[in-house]
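Dear colleague,

My notes on it follow directly after.

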Amino acid sequence: MSSIALVGNPNTGKTSLFNTLTSSYEYVGNWAGVTVEKKVGSLKNGAGKLIDLPGIYSLHPLSRDEGVAAQYLIEESPEALINIVDASQLERNLLLTLQLLEYGKPTLLGLNMIDVAKARGIHVNAEILQAHLGITVLPLVARTGKGTGQVLSILEKSSAIPPVTFKLFYGEVVEEAISSIIKELQHTPGLPTLRWVALQLLEQNPVILQFLKTRVDTSRLLTICAACQSELQIKKLALTLPQWIRSTRMDYIRSLCDAALDTTAQKPHNLTERLDSLLTHRFLGLPLFIVFMYALFKTTFDWVGGPLSDLVDGLISGPISDGTVSMLQYLGASNFTHALIVDGIIGGVGGVLVFVPQIFILFLIISFLEDSGYMARVCLLMDSTMERMGLNGKAFIPFIIGFGCNVPAIMAARSIEQPKDRMLTTLLMPLMSCSARLPVYLLFAAVFFPERQATAVLSMYVMGIVFALILCKVFSKYLFKNESSIFIIELPPYRLPQIKTLSRSTWEKGKGFLRKAGTIILAGSVIIWLMSYAGPGGFDVAMDNSFLAKFGGMIAPLLEPLGFGTWQAGSTLVPGFLAKEVVVSTMNIIYHAPDSAGLESQISQVFTPLSSISFMAFILLYIPCLATVGVIKKETASWKWTFFSMGYSVVLAYSVSLIIFQGGKLLGWS
Amino acid sequence: MASTSCSLLRLQPGSTGSIHRIEGMNPILQRRLADLGVAEGVIIRLKGKGPFLGPITLECNGQLFAIRRKEASMIEVNVS
């Protein structure tokens with residue numbers, strides 16, 4: 001089976017093309033650094049595997065996602081490459097193209113976003129590009145799928161893609177060094193095209209050097225490089241080798257672009273300019289962002305999400321619950337089965353499914369932010385605040401994704417250039433209130449703050465961000481060497497997200513939630529129910545004598561100072577570590593609530609407004625869930641930092657809840 | 001025409017200059033800028049300045065991007 005790799009600059013539409021060429025679906029968005037891992041899919045026509053790589057500007061990686069792509073090209077050997085270039089940014093994109101051509105594998109050039117280029121008055125002549133570069137050039141619009149059929153039919157026989165013959169002349173000095181390096185490496189097996197290896201080595205690419213070190217003695221190779229560089233300096237051609245190689249390539253690209261590009265009718269990005277003058281306005285930008293966020297929350301929780309959620313609640317507590325009860329009676333199910341299914345599963349899982357509408361709307365909002373291009377602007381607006389806290393604005397992209405789920409958000413931190421910033425973002429991510437914590441807020445806000453639900457929920461999110469910023473300052477001051485952070489962000493043109501893309505990306509995020517409902521939440525509910533059903537005295541005991549009550553009772557005294565020292569509250573916290581949604585499932589089971597209204601009235605008897613705030617804050621902060629712990633371990637590759645992230649959140653949650661409850665009491669609230 | 005060189009920050013928003021020199025910049029940032037085509041001799045446009053002395057927006061070869069003021073001040077441009 002042949003494998004073909006998709007390579008190109010960030011945010012040029014590689015994953016969009018990947019999604020159309022294969023039957024899989026991967027995450028797309030409008031910012032640089034959406035794809036941070038290599039993804040493998042099968043081509044629709046069965047002609048082989050397609051590999052989607054993170055976007056790179058050159059083969060010399062700066063951030064971890066770029067490292068993935070560079071590593072892949074060096075260590076594995078795809079049969080062919082598809083190089084995707086953004087037709088409206090041809091000059092910059094071709095710099096990578098030249099390096100890929102030197103790689104020597106059969107290559108197709110996908111000239112993507114010709115619609116965007118055309119709208120901006122840029123005309124690219126594909127024939128001229130094809131003639132100069134000696135490879136097939138295909139105009140594409142990957143987002144709509146235009147031109148992708150042709151790509152697929154060419155890939156059908158990938159062996160028929162002609163080999164690359166392109167060769168750029170780097171001047172006698174460098175060419176001589178290239179031949180000497182090739183001679184040195186001639187008998188080393190398992191290397192990609194030697195001319196490419198030589199050029200990457202001369203360019204001082206650390207990945208290739210590392211790779212060669214494992215196979216050959218590199219000291220002679222490095223001597224050749226050093227000699228070549230000093231010869232360039234003596235002849236006053238360039239200061240460094242990489243500079244020389246780069247400028248040789250740029251000269252070639254400029255002459256190529258002069259021939260193939262017609263920019264006489266070029267217009268500025270009108271829409272982007274106008275939107276930017278408002279959205280990134282020096283005074284209005286930030287307030288506008290906050291107003292947007294508030295409006296979005298208002299829609300999610302008050303206007304649309306709430307009523308929809310009531311519908312689902314009616315459905316679960318009405319027809320579904322009643323239908324199951326009568327069916328169980330008809331089947332003559334035992335009391336145990338009956339209670340397990342109705343109280344345990346419908347109560348536990350159903351209690352979470354009620355919040356599906358809100359969670360999906362939240363995912364829709366996040367998808368919209370991702371696809372519109374606004375996300376990068378938010379980073380820009382937040383940078384000066386973040387800089388003061390010792391981080392950079394780019395960390396805000398993972399933070400926003402974290403409102404959906406912390407797991408992909410921590411992965412997204414890979415596109416941050418500096419290791420320190422990446423580590424800080426990862427460690428602080430659990431403070432971003434993910435969708436799993438949302439049901440808790442919604443439940444409590446509906447009981448205690450019915451008039452101001454959106455405000456109550458929004459303040460939980462804000463609290464998470466505020467603590468993240470404060471801890472960021474503390475961590476960067478005391479835990480890390482005080483290297484200053486850098487900030488650079490590409491601002492992609494705005495675009496109106498397509499309904500198709502939006503619904504797809506919302507569904508993909510929501511699917512994870514539904515899957516969780518069918519697995520971990522279901523399992524959690526069954527276990528919790530069993531623990532509430534059984535006790536030291538046997539089965540079907542009164543809930544207060546159950547194992548669950550005994551277990552919750554052990555934790556309860558610790559929670560007393562926080563205002564919720566009941567075994568009921570205590571017993572929700574441990575299963576909540578598996579998945580935060582289980583907190584609400586557990587409450588449903590414990591309080592035997594037939595529907596949300598029933599649960600709400602139960603809760604209003606046990607909690608006070610003050611202790612409910614303390615409880616919400618505790619749930620927000622108390623610990624990253626199991627899946628998040630797993631990904632923190634994977635990304636930091638350190639148990640020390642993983643335990644640190646769990647430890648600090650427990651301490652933080654306890655202190656914050658303590659201050660809220662005790663402070664509130666002193667102020668005379670209840 | 002006589003040209004004078006000054007820091008990029010001195011440009012009026014919306015106007016352009018050609019890059020004369022980039023000095024003293026963090027090497028990671030400088031590489032990333034080079035990736036975006038920001039190099040000596042290239043025309044660069046200052047689009048706007050962000051809030052609270054925040055980053056400034058620049059345009060180079062049709063690509064919009066933002067960097068912090070401190071770093072932008074290390075880019076010297078020629079204006080004609």
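Predicted model: local features only at pLDDT ≥ 70, side-chain atom pairs only at ≥ 80, totals over all residues.

Residues are numbered from 1 along each chain as its sequence is written, chains are lettered from A and ligands numbered from 1 in the order in which they are written, and side-chain values use heavy atoms, with hydrogens and water left out.

Chain A contains 31 helices and 11 strands (DSSP runs, H or I of at least four residues for helices and E of at least two for strands, numbered from the N terminus). Its radius of gyration, 29 Å, is close to the 26 Å that the globule rule gives for 670 residues, so chain A is as compact as a globular protein of that length (taken over C-alpha atoms; the rule is 2.2 Å times the number of residues to the power 0.38). The C-alpha trace of chain A spans about 90 × 55 × 55 Å along its principal axes.

As to the helix pair, the axes of H7(A) (residues 172-185) and H8(A) (residues 194-202) come within 9 Å and cross at roughly 120° (lines fitted to C-alpha atoms over the stretch in contact, with angles from 0 to 180 degrees between N-to-C directions).
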